[in-house]
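This report is for a reader new to the structure.

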Amino acid sequence: MPRPPAVGAAAPDFELPGIVLSTSRAPEIRRGTYRLSERPARPLLLAFYPGDDTPVCTRQLCSYSAGLDGFASVGTDVWAISRQDLDSHESFARGRGIELPLLSDLDGTVTAAYGIAVPGLGLRRSVFLVDVAGIVRWRHVGLVGLSFPSREDLLAAVASLDR
């Protein structure tokens, strides 16, 4: 089984379907394809989480979604990835007002490529900061998955990037 990419290593490229809730006017869901190699030239936080509408995941993603303006102000995007399908993601986003992209890794290919798959359980809660060149510059890989890096921790990681 692959190990998580080390700081300084290339982030595994991927292409996944995803949804994003937009509430700028009337709430609407946009579905699309997200490719790591085709994202805008900005740092990206990839937040892998075990499941939609679970207590810790809900706290984590609501926190990150509430901080999107802060991430945008430092030129950083946030994408969240789990093994649920797009319908589950849509229900979760609408029910909780989560406005960051939720990507679906149904077959676990991306989770495995990032070395965070847990047989029989899904995945280890993890966050990777990928710079504009596609290099992992910071990471947090949870052992148990009951805690997650705060927005402040993530903003500090972004601030430490050489731009």
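## Contacts and basis

Among contacts (heavy atoms within 4.5 Å) between residues at least 6 apart in sequence, 67% join residues at least 24 apart in the protein chain.

The model is predicted, with local features needing pLDDT of at least 70 and side-chain atom pairs counted only at pLDDT 80 or more, while totals for chains, interfaces and linings use all residues. Residues are numbered from 1 along each chain as its sequence is written, and side-chain values use heavy atoms, leaving out hydrogens and water.

## Overall form

The radius of gyration, taken over C-alpha atoms, is 14 Å for the protein chain, which agrees with the value near 15 Å that a compact globule of 163 residues would have. The globule rule is 2.2 Å times the number of residues to the power 0.38. Along the principal axes, the C-alpha atoms fill a box of roughly 40 × 40 × 30 Å.

Of the 163 residues, 47% count as buried, meaning under 20% relative accessible area with a 1.4 Å probe, protein chains only.

## Helices and strands

The protein chain has five helices and nine strands. These are DSSP runs numbered from the N terminus: helices are H or I of at least four residues, strands E of at least two.

Strands β1 (residues 15–22) and β2 (residues 28–35) pair in the antiparallel sense over eight bridges; pairing requires at least two DSSP bridges. L21 has I29 in β2 as its bridge partner. Five residues form the hairpin link from β1 to β2.

Terms used: Buried means under 20% relative accessible area, exposed over 50%, partly exposed in between (1.4 Å probe, protein chains only).
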